[in-house]
Amino acid sequence: MGAAALPAGLTSFARRVGALLSATVLLAGLVAALQLSTAAPAAADDCPGGWGGEAGSGGVDVCGSEGGEQGNPGNGGGGGGGAISVPVPWTQRVYVPYCSINSVTATGRGVDDYETIADVACTGFSSGCPEGDFRYWAFERRMGADNLAIDEQFSRGGVACRGSDDPDESQPPTITTEDIMERALALAPTPTFVIEPAERSYVNIPTNFAAEAQATAVTVDILGLQIPVEFTPGTVSWSFGDGRSGSGVGIEGASVGQSGAVEHAYARSGAFDVSVSVAYDVRITTPAGTIDLPAPIDRTSAPQNLEVGEIQSVVTEVD
């Protein structure tokens, strides 16, 4: 009997497994495929007593607690947990009811160095605004990044309708880890990967997979402050599209059975969507210090379609 005819796409496999005498020997030698362990994506952890956010296929971004309200309705409520001061010039605004007798005067250069004059309510305070809001005079002065006043006195900055949930503008501007991560996740790396050989494989033949996931640093701009955020890849999980999964970065151009390679042999023919997920550890560097998120975030690649065919022996000659 003559040699079996091989599809052209099988040539790359022959290079990886070495020189083989015939297709029959090739198939017999590769029936025992490398079995890969199942690796499920990381599940999102709960944040007891606080908030948590997810990204990708799972993983809690960060946990925190909600802050309470502070000040009067005109000066608004507090923000979320984990507030970080932002050392930038800003404008301090203090709100008093919209009555001619009310005003604000500075007693020094510090953030809390001021006092309100009269601070009484009148008819103008409760009219002319949407339901639930009240009318206020805004008194303001410029503050430096050191939170000391640049202006000697407050000036009247206009009129505003405000409710109890409006932010307090009498204190220095702050940001939270939530604010940072909301922007950082839009810049977070998305892993990619290669399949060898690309686009087509064969039943019971090990296919090689290799992820491309590197440490990435991005810069988040909030209120003029440049905040570095670092993403460091950790656990790498594969979905081969046939209900099987695996783990590991893999090695591009690996030979069959090479240590550290990620291989998978399909038991049936068909079209399969392959994807890879990477769990990234996140570190945020702020003026107040370094923050390491308590759990990684998962990012998942776009899927790649892999066609898996079958090899059929064809008799070309009979002796």
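The model is predicted, so local features need pLDDT of at least 70 and side-chain atom pairs count only at pLDDT 80 or more, while totals for chains, interfaces and linings use all residues. Residues are numbered from 1 along each chain as its sequence is written, and side-chain values use heavy atoms, with hydrogens and water left out.

**Stop 1**

Select residues 90-97, which are strand 4, then residues 134-143, which are strand 7, and finally residues 155-162, which are strand 8. Strands here are DSSP runs of E with at least two residues, and helices are runs of H or I with at least four, numbered from the N terminus. The three strands make an open sheet in the order 4-7-8, with antiparallel pairing, where two strands pair if DSSP finds at least two bridges between them. Strand 4 and strand 8 each have a single partner strand and stand at the edges, so one side of each is left without a neighbour in the sheet. On average, neighbouring strands of this sheet are turned by 35° against each other, direction ignored; the axes behind this angle are lines fitted to C-alpha atoms, and angles run from 0 to 180 degrees between N-to-C directions. Between strand 4 and strand 7 there are eight bridges, and if you pick Trp90 you will find Met143 of strand 7 opposite.

**Stop 2: the disulfides**

Now show the cysteines: a disulfide is counted when a pair of cysteine sulfur atoms lies within 2.5 Å, and by this rule there are two disulfides. One joins Cys99 to Cys122, with 2.0 Å from S to S, and the link is left-handed, with -110° about the S-S bond. Cys99 sits in the loop between strand 4 and strand 5, and Cys122 in the loop between strand 6 and strand 7, 23 residues apart. Which of the two is buried and which is partly exposed? Cys99 counts as buried at 5% relative accessibility, whereas Cys122 counts as partly exposed at 33%; buried means under 20% relative accessible area, exposed over 50%, and partly exposed in between, with a 1.4 Å probe and protein chains only.

Next select Cys129 and Cys161, whose disulfide spans 1.9 Å from S to S and is left-handed, with -80° about the S-S bond. Cys129 lies in the loop between strand 6 and strand 7 and Cys161 in strand 8, so the pair ties together parts that are 32 residues apart in sequence.

**Stop 3: charged partners on strand 4**

A salt bridge is a side-chain nitrogen of Lys or Arg within 4 Å of a carboxyl oxygen of Asp or Glu. Arg93 lies in strand 4 and Glu140 in strand 7, so this pair ties together parts that are 47 residues apart in sequence. Arg93 also meets Glu169 in a salt bridge, at 3.2 Å from N to O, and Glu169 lies in the loop between strand 8 and strand 9.

**Stop 4: helix 3**

Finally, select residues 177-187, which are helix 3, and colour Thr177, Ile180, Met181, Ala184 and Leu185, which are buried. These five cover an arc of only 125° around the axis, which puts them on the same side of helix 3; the arc is that of the directions from the helix axis to the C-beta atoms. Turn to the other side of helix 3, where Glu182 and Ala186 are exposed.
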